Amino acid sequence: MRAETQTLVAEIEKSLELLRQRMGWESAQHRLEEFNARVEDPNLWDDPAKGQKLMRDRQSLVDAMDIHNGIQQELNDSVELIEMGEMEDDAEIVSDAETTLKKLAKRAAAKELEALLNGEADGNDTFLEINAGAGGTESCDWASMLARMYVRWAEKRGYNVELQSEQSGDEVGIKSAAYKISGHNAYGWLKSESGVHRLVRISPFDSAAKRHTSFCSVWVYPVVDDDIEIDVNPADIRIDTYRSSGAGGQHVNTTDSAVRITHHPTGIVVTSSEKSQHQNRDIAMKALKSRLYQLELDRRSAAINEAHENKGDAGWGNQIRSYVLQPYQMVKDLRTNHETSDTKGVLDGDLDPFMAATLAMDVSGKSRAEAQGED
């Protein structure tokens, strides 16, 4: 077997090992038997919510086991074909099996990555907020570029994107925007994007064509499921109504019924500017509960908590990723050291490699570059 093929086999086996670890392979069959026994209980649906959760958990385990077994079987079959082809000196059989292995390695890597999305709220829809930071007009333009980037990313995944609120910049771009992004694992994928994003470029607004640095902060938090209770003391909040102000266009409604809710104990502020004040109150309250839920999730995870505490202001020293358009082109994540020169692709929504690197780091405790350096 060629060295390149052996490397592919090793990569697939490594992905399978991670899949086994994430699902608790040694006890998976026993847990499935327990699920099956509970499903047959005639009293299960006396509590519909409990029954639905059980069925979801069971199906999730079944899917994970089927994915693992399918990849394992395809790997075994391909290796056997290669060995048979080499014994019979049949280059065509070997070539076809190697092609299958290459495709299988990509699929296994994708499933390995999905297996990392097993946090308490990873499967939820998500809210995403963008706020312009230091840099004035430049940062407002940068905020609109980031908004476009995330909308493009979400649309490529088939997610639904709803603009919750938007405040236009004084001259160009936006000062802030809030979106609800709906789809399987939306929060799990986007949660690594929270932090300060730095742009370096030749300013299109500077007649002297000088290089400018701009900052924006991105904040991501999960949409709270209906079955998660978050108590909000009415005495802790202030509700204001105001006339919404947006950049215009089909996505923005200008009304007198926009709602802003301020949560005094945490300083959290959420807004909504849909058509009716009643609808806005409901949306804003859900957003507030989601933010409070996110704080609780942060408290349970020291790593996430530290990341948010270090987020700081949208300015120097707090950025998680740099987007350099001049004098050279590079996007680099400062947490994982993952980088690319395809700045256009990234700004068009090609963010999966950056998210994948951060997810892998969250599990291993080190960046991919660090891990490769140990090999």
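## A cis peptide bond

Pro 327 occupies the loop between strand 9 (319–324) and strand 10 (330–333); helices (H or I, at least four residues) and strands (E, at least two) are DSSP runs, numbered from the N terminus. The peptide bond from Gln 326 to Pro 327 is cis, with omega near 5 degrees.

## Basis of the model

The model is predicted: local features need pLDDT of at least 70, side-chain atom pairs count only at pLDDT 80 or more, and totals for chains, interfaces and linings use all residues. Residues are numbered from 1 along each chain as its sequence is written, and side-chain values use heavy atoms, with hydrogens and water left out.

## Overall architecture

The protein chain has eleven helices and eleven strands. Among contacts (heavy atoms within 4.5 Å) with a separation of 6 or more, 62% join residues 24 or more positions apart.

Most residues other than glycine have a negative phi, and most peptide bonds are trans.

Asn 185, in the loop between strand 3 (174–182) and helix 6 (186–190), has a positive phi near 65 degrees. Asn 185 is buried, because its relative accessible area is 9%.

Asn 337 also has a positive phi, of about 70 degrees, and is placed in the loop between strand 10 and strand 11 (339–340). With 37% relative accessibility, Asn 337 counts as partly exposed.

Note on methods. Buried means under 20% relative accessible area, exposed over 50%, partly exposed in between (1.4 Å probe, protein chains only).
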